[in-house]
Structures are given as C-alpha cells and as structure tokens.
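Please keep the structure open while reading.

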Amino acid sequence: MTPRERAETLAYRAGWSLVQRLPARAAYGLFDKVAVQLHRRGGRSVEQLRSNYARVRPELSASELDALVLAGLKSYLRYWCDAFRLPRQTPQSLDHGIRLTGYDEQARAIVERGEPLVLFLGHLGNWDHCGAWATYHFAPVTTVAERLKPESVFDEFVAFRESLGMRILPLTGGPDVYPQLREAISRGGFVPLLSDRDLTSRGVAVTLCGHPARAAVGPARLALETGAALFPLAVTYEKVPGRVEHRVVARFGARVLPPAAGSDAEKVRRMTQSCVDDLGETIREHTQDWHMMQRVFTGDAAR
C-alpha cells in the first residue's frame, strides 16, 4: 500500500466512525457543505456529471443546469452519508426508510415462490439501503461490485456490505462472475446488477434518453439463459416531513420478457433496451438522483 493509499484508508475509517456518531442534522449538513465545495471547485467528475445532465435535460438553461448539478452533488453526498450511517440502522428503521412502488407486488410474489429474480439497476439513489433492507424483508442479495482504488477501501466496503447480508462478487481480480451469478440463480437467487454503464467493453448499444450509449448485458443474458424474471429497478430519494433523512423510493418497472423471435443476441439487446427505456423515464424525472459521474454516452467517449 502506498503512503497516499494508506492516508486515504485512514481518512475513510475516521470519516465512517465520525459520521456515525454525529447527530443526523449535523452529519447531513456537513455533507451538504462538501457538495457545495465540490460544485465550486469543479473538476473532471463534476464536469462529466454536468455533461450527462445536459444530455438528458437539454431544455434547461445554463443557470438551471448549474442548479441541477449542485442538487445532484448533494444527492450523491447524501448517499455517502447514508452509507456511513447504515450500520446504525435496524431492520425496522430500514423498513421505515424505504417505499416500494410500481410492480413490486409481482416481484415479491416471484421471490416468495422461491423463484430467481434479476434486477437491472442504474446508478440512481441509494442502492445500499435497498440491499440491506432486502436482506431482512425481501431476499438475500448476490451482486457484483466494480473494484476501486485504493484496494483497502474497496475491501472494507465489500466487508461492510457482506456484514449486512449481501454477497459481493468483485467484477475483476477474481473468478469469472457470470458462472457464480448463474449458480446463485439456480438456487432461486436474487441478483440486482448496476447496468446503466458498460464496465466490460462487452456491452450492447442502446439509446438512453435519446442518445446512444452502451449498457451491460448481464441482467438480460442471465434472464434469457436461466428463465429468471427480469425487472428494471429505479431508486430515488424523497423528502419526509419532519425528518432530516430522506426516504428511499424503489420503483419496480414492468417485468421484461424475452421476445418471441430473433437470435439470442438480438433478444438480449431488446431486453436491455426495454430496461434502459424504463430507467430513462426516472432519470429525466429525478435527474439529481442519477449519480453518473463517468462517461456513459458514446458521443462523449468519441471526443
């Protein structure tokens, strides 16, 4: 571990401990201030967020877009504050902090029958709360995490998520994740996957909010090959009167079924596009909760 990585790890641990001990108003107020500073300072990630928002909300003026970027940074920092404070949560508080909408009853019935379920997620809202909630109130989670640096922080975050009952498979640096996901599904597993950005260079071309992009094929491919049910899931935030914390809203889109005709590759593409179309609606309506600070549109990649 380099000196910089060691310092980052120590800062991460100290921040995690401090934020858990702070009163909610002080903790979230602190993270709001960090968001404001990030907005003022700018930088590559902030400008990429601005570019992504400009593509999905082209009707906004420059000042409106700037305000939306600040709101997006506040939402992103809220996610991190939530994550640091997640060990304080109980099964009851997790349940009080989430609201399910859309086709959730259909999805729940599938899980209750012991059948496998695959979710296509975007980088929206607070998935960690959903995953922790699912452990107690829905079904145990098996998912994939992008390996980030420093490795020590990644390892601690994986350990934290696994302590909440989730099974985390590193995308790289270990055995191929796809056979492990298939094995989990064969046991009736619940597999939610972040898929609105292709991390493998094996993704499929899609149209997101009217612009060409690439998305991961894992959810659609798993559903097609195993018969598991596939749903898009959009996670956002909503304010709750009288509470500092925001509530998580998890909206299940309609189940995506394999097309009747076409090659397997074409079926996977069409199923993935259906999931992207569903998430695109939420991205337009709740753009500030789309924490996409990396390149996602192919037009950006070509620059």
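The model is predicted, and a search of the whole structure finds 2 cavities of 30 Å³ or more. About 60 Å³ of space lies in the largest cavity, and about 50 Å³ lies in the second largest cavity.

**Largest cavity**

- The lining of the largest cavity is formed by Ile98, Leu100, Leu119, Trp127, Cys130, Trp133, Ala134, Phe190, Leu233, Ala250 and Phe252.
- By class, this lining of the largest cavity has 11 nonpolar residues, with no polar and no charged ones.
- At least two lining residues come from each of β1 (98-102), α7 (127-137) and β9 (247-252), and α7 supplies the largest share, 4 residues.

**Second largest cavity**

- The residues that line the second largest cavity are Phe120, Asp196, Val206, Leu208, Ala213, Arg214, Ala215, Val276, Leu279 and Ile283.
- Two or more residues of this lining are given by each of the elements β6 (204-208), β7 (211-215) and α11 (264-285).
- By class, the lining of the second largest cavity has 8 nonpolar and 2 charged residues, and no polar ones.

**Packing of α2 with α4**

- The crossing of α2 and α4 is right-handed.
- On the α2 side, the contact is made by Ala24, Ala27, Tyr28, Phe31, Asp32, Val34, Ala35, Val36, Leu38 and His39.
- On the α4 side, the contact is made by Asp66, Val69, Leu70, Leu73, Lys74, Leu77, Arg78, Trp80, Cys81, Asp82, Phe84 and Arg85.
- By class, the contact of α2 with α4 has 15 nonpolar, 1 polar and 6 charged residues.

**Packing of α9 with α10**

- Helix α9 (residues 177-186) packs with helix α10 (residues 218-226) at an angle of about 50°, and their axes are 11 Å apart; α9 and α10 are therefore oblique to each other.
- The crossing in which α9 passes α10 is right-handed.
- Tyr178, Leu181, Arg182 and Ile185 of α9 meet Arg221, Leu222, Glu225 and Thr226 of α10, and by class this contact has 4 nonpolar, 1 polar and 3 charged residues.

Terms used
Residues are numbered from 1 along each chain as its sequence is written. This is a predicted model: local features need pLDDT of at least 70, side-chain atom pairs count only at pLDDT 80 or more; totals for chains, interfaces and linings use all residues. Side-chain values use heavy atoms; hydrogens and water are left out. On a 1 Å grid over the protein atoms alone, a cavity is a set of points where a 1.4 Å probe fits but cannot get out, and a pocket is an open set with protein on both sides within 12 Å along at least five of seven lines; lining residues have an atom within 4 Å of a point. Grid points are joined across faces, edges and corners, and a volume is the space filled by probe spheres set on the points. Ala, Val, Leu, Ile, Met, Phe, Trp, Tyr, Cys and Pro count as nonpolar, Asp, Glu, Lys and Arg as charged, and the others, Gly among them, as polar. A crossing is left-handed if the near helix is turned anticlockwise from the far one by less than a right angle, and right-handed if clockwise. Contact means heavy atoms within 4.5 Å. Axes are lines fitted to C-alpha atoms, for helices over the stretch in contact, and angles run from 0 to 180 degrees between N-to-C directions. Angles under 35 degrees count as roughly parallel, over 145 as roughly antiparallel, 65 to 115 as roughly perpendicular and the rest as oblique.
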